[in-house]
Amino acid sequence: MQKFGVDLSSHNAGINFLNLKNEGVEFAILRAGYTGYGNGVSKAKDTSFEEFYNVAKEVGMGVGAYWFSCANTYDKGKAEAEFMYENCLKGKQFDYPIYIDVENDTGGKNWLVNAGKEAITDGIIGFCETLENLGYYVGIYANQDWFKNWINLDRVKDYDKWLAAWLKSKPRTFLSDTMWQFGGETNQQRRSLHRKSVV
């Protein structure tokens, strides 16, 4: 049975959760924070995370979280997870996984791609192992190209996957058997983009 959800960040500030729920949204994956683009190691909490978490819980929506990563070593992945735990996750209850988001950084520094496939995978494992050891169910968010060419899937086979594939029909890959992010739509009231997923 499919469930319909959205992922949200501070770019969606002011979005109406009751409207989302009335549209059939059952869960929200919230950006907890991100690693900065300037030096690839500075970390920041998403300014809407606390509000979104509280409101989602109030309206009875399931909640998960993700961290936009620039980790290209095991220790950097571990550091991102530790920051996320101490500043975002600690003391909260989650109904969906905690994901590491791996993709091209928007600052054009290419911290991940320039480091290569195994280094990216090292960062993912550092992140996931750290949070798993703290009792969280963890996963990896990426698109098909990244899962195929930039992540060593044999090394991360035990972690959940969240596939980004903005297509009209479900992609024919085993990755879409978990959670599939299938696109974005404009919320007419707020004119803000939120991305849709099914699990």
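**Cover of α3**

I looked up what covers the buried residues of α3, and the list includes β2 (27-35), β3 (43-45), α2 (49-58), β4 (62-68), β5 (98-101) and α4 (117-133). Contact here means heavy atoms within 4.5 Å. Helices (H or I, at least four residues) and strands (E, at least two) are DSSP runs, numbered from the N terminus.

This is a predicted model: local features need pLDDT of at least 70, side-chain atom pairs count only at pLDDT 80 or more, and totals for chains, interfaces and linings use all residues. Residues are numbered from 1 along each chain as its sequence is written, and side-chain values use heavy atoms, with hydrogens and water left out.

**Inside face of α3**

I listed the buried residues of α3 (residues 74-89): G77, E80, A81, M84, Y85, C88 and L89. They fall within an arc of 135° seen down the helix axis, so they line one face of α3. The arc is that of the directions from the helix axis to the C-beta atoms. Buried means under 20% relative accessible area (1.4 Å probe, protein chains only). After α3 comes G91, with a positive phi near 85°.

**Cysteines**

I noted C88 as buried at 1% relative accessibility and C128 as buried at 0%. My search of the whole structure for disulfides (cysteine sulfur atoms paired within 2.5 Å) returned zero.

**Chain totals**

I counted five helices and nine strands in the chain. Of its 199 residues, 51% are buried. Among contacts with a separation of 6 or more, 62% join residues 24 or more positions apart.

Key:
Buried means under 20% relative accessible area, exposed over 50%, partly exposed in between (1.4 Å probe, protein chains only).
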